Amino acid sequence: MKNIIGMNLQEARKYLDLTVEQVAAVIHMETDEINAYESGEKCPDSRILIKFSKLYGVSCLELLTEHDFSLSKDERAVAELLKMVNENKKHLWFYIKNII
(Lines give C-alpha, C1' and ligand atoms only; values in the text may rest on other atoms or scores of the structure.)
Protein backbone atom coordinates (compact mmCIF):
# COMPACT_ATOMS: atom_id res chain seq x y z
CA MET A 1 0.00 0.00 0.00
CA LYS A 2 1.23 3.46 -0.89
CA ASN A 3 2.16 5.81 1.87
CA ILE A 4 0.44 9.17 2.26
CA ILE A 5 3.50 11.17 1.20
CA GLY A 6 3.87 9.20 -2.01
CA MET A 7 0.18 9.51 -2.84
CA ASN A 8 0.26 13.24 -2.13
CA LEU A 9 3.34 13.77 -4.27
CA GLN A 10 1.74 11.97 -7.18
CA GLU A 11 -1.65 13.63 -6.73
CA ALA A 12 -0.15 17.13 -6.51
CA ARG A 13 1.97 16.51 -9.62
CA LYS A 14 -0.98 15.21 -11.60
CA TYR A 15 -3.21 18.05 -10.41
CA LEU A 16 -0.69 20.49 -11.90
CA ASP A 17 -0.63 18.36 -15.06
CA LEU A 18 3.10 17.76 -14.79
CA THR A 19 4.95 14.68 -15.93
CA VAL A 20 7.58 12.93 -13.85
CA GLU A 21 10.12 14.05 -16.46
CA GLN A 22 9.13 17.72 -16.06
CA VAL A 23 9.37 17.53 -12.28
CA ALA A 24 12.74 15.77 -12.52
CA ALA A 25 14.10 18.50 -14.78
CA VAL A 26 12.95 21.32 -12.48
CA ILE A 27 14.19 19.87 -9.20
CA HIS A 28 17.31 18.27 -10.72
CA MET A 29 16.52 14.68 -9.88
CA GLU A 30 16.32 11.39 -11.76
CA THR A 31 12.87 10.21 -12.85
CA ASP A 32 13.48 6.87 -11.13
CA GLU A 33 13.97 8.66 -7.83
CA ILE A 34 10.71 10.62 -8.21
CA ASN A 35 8.90 7.41 -9.11
CA ALA A 36 10.35 5.80 -5.97
CA TYR A 37 9.04 8.67 -3.82
CA GLU A 38 5.59 8.54 -5.43
CA SER A 39 5.34 4.76 -5.11
CA GLY A 40 6.40 4.83 -1.47
CA GLU A 41 9.58 2.84 -2.08
CA LYS A 42 11.59 5.77 -0.73
CA CYS A 43 10.69 8.60 1.62
CA PRO A 44 12.01 12.07 0.75
CA ASP A 45 14.16 13.81 3.32
CA SER A 46 13.27 17.33 4.46
CA ARG A 47 15.42 19.00 1.78
CA ILE A 48 13.70 17.08 -1.01
CA LEU A 49 10.27 17.57 0.55
CA ILE A 50 10.83 21.34 0.52
CA LYS A 51 11.72 21.19 -3.19
CA PHE A 52 8.46 19.37 -3.94
CA SER A 53 6.54 21.77 -1.72
CA LYS A 54 7.85 24.84 -3.53
CA LEU A 55 7.29 23.34 -6.97
CA TYR A 56 3.73 22.22 -6.22
CA GLY A 57 2.79 25.36 -4.30
CA VAL A 58 1.72 23.51 -1.17
CA SER A 59 3.12 23.31 2.35
CA CYS A 60 5.27 20.45 3.54
CA LEU A 61 2.52 19.67 6.04
CA GLU A 62 0.07 19.20 3.17
CA LEU A 63 2.44 16.71 1.59
CA LEU A 64 2.85 14.85 4.88
CA THR A 65 -0.86 14.52 5.73
CA GLU A 66 -4.02 13.52 3.88
CA HIS A 67 -5.22 16.25 1.55
CA ASP A 68 -7.45 16.65 -1.47
CA PHE A 69 -5.27 18.31 -4.09
CA SER A 70 -8.21 18.69 -6.46
CA LEU A 71 -9.23 21.64 -4.28
CA SER A 72 -7.62 25.05 -4.67
CA LYS A 73 -5.34 26.30 -1.92
CA ASP A 74 -8.14 28.58 -0.63
CA GLU A 75 -10.66 25.73 -0.68
CA ARG A 76 -8.22 23.53 1.26
CA ALA A 77 -7.77 26.32 3.83
CA VAL A 78 -11.54 26.65 4.26
CA ALA A 79 -11.92 22.88 4.59
CA GLU A 80 -9.20 22.84 7.25
CA LEU A 81 -10.91 25.67 9.15
CA LEU A 82 -14.24 23.86 9.03
CA LYS A 83 -12.57 20.72 10.32
CA MET A 84 -11.11 22.71 13.23
CA VAL A 85 -14.50 24.33 13.98
CA ASN A 86 -16.21 20.93 14.01
CA GLU A 87 -13.52 19.52 16.29
CA ASN A 88 -13.93 22.45 18.67
CA LYS A 89 -17.72 21.94 18.66
CA LYS A 90 -17.18 18.38 19.87
CA HIS A 91 -14.98 19.59 22.72
CA LEU A 92 -17.43 22.36 23.61
CA TRP A 93 -20.38 19.96 23.55
CA PHE A 94 -18.49 17.51 25.76
CA TYR A 95 -17.65 20.32 28.19
CA ILE A 96 -21.27 21.59 28.32
CA LYS A 97 -22.60 18.06 28.67
CA ASN A 98 -20.37 17.45 31.70
CA ILE A 99 -21.41 20.70 33.36
CA ILE A 100 -25.14 19.99 33.10
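Me: Which residue forms a salt bridge with E33?

Reply: Happy to start there. Keep in mind that this is a predicted model. The general idea is to look for a side-chain nitrogen of Lys or Arg within 4 Å of a carboxyl oxygen of Asp or Glu. Here K42 pairs with E33, and their closest N and O atoms are 3.4 Å apart. K42 is partly exposed at 37% relative accessible area, and E33 counts as partly exposed at 25%.

Me: How many salt bridges does the structure hold?

Reply: There are two. R13 forms a salt bridge with E38, with 2.6 Å between the closest N and O atoms. R13 sits in helix α1 and E38 in helix α3 (residues 31-39), so this pair ties together parts that are 25 residues apart in sequence.

Me: Are R13 and E38 buried or exposed?

Reply: Buried means under 20% relative accessible area. R13 is buried because its value is 7%, and E38 is buried with 3%. Setting aside neighbours within four places in sequence, R13 is in contact with L18, T19, V20, V23, E38 and Y56.

Me: What does S53 touch, beyond residues up to four places away in sequence?

Reply: S53 touches V58, S59, C60 and L63 on that count. S53 belongs to helix α4 (residues 46-56) and is buried, at 11% relative accessibility.

Me: And which residues form the negative surface patch?

Reply: For a patch, look for like charges with over 30% relative accessible area and no salt bridge. In this model the patch is made by E11, D68, D74 and E75. E11 lies in helix α1 (residues 4-15) and is partly exposed, at 31% relative accessibility.

Conventions
Residues numbered from 1 in each chain as written. Predicted model: local features only at pLDDT ≥ 70, side-chain atom pairs only at ≥ 80, totals over all residues. Heavy atoms only, no water. Patch = residues over 30% accessible without salt bridge, like charges linked within 9 Å, V, L, I, M, F, W, Y side chains within 5 Å. Areas by Shrake-Rupley, 256 points an atom, 1.4 Å probe, with all protein chains shown as cover. Lys, Arg positive; Asp, Glu negative; His and termini not counted. Charge placed at Lys NZ, Arg CZ, Asp CG, Glu CD. Helix = DSSP H or I, 4+ residues; strand = E, 2+ residues; numbered from the N terminus. Buried < 20%, exposed > 50% of the residue type's maximum accessible area, 1.4 Å probe, protein only. Contact = heavy atoms within 4.5 Å.
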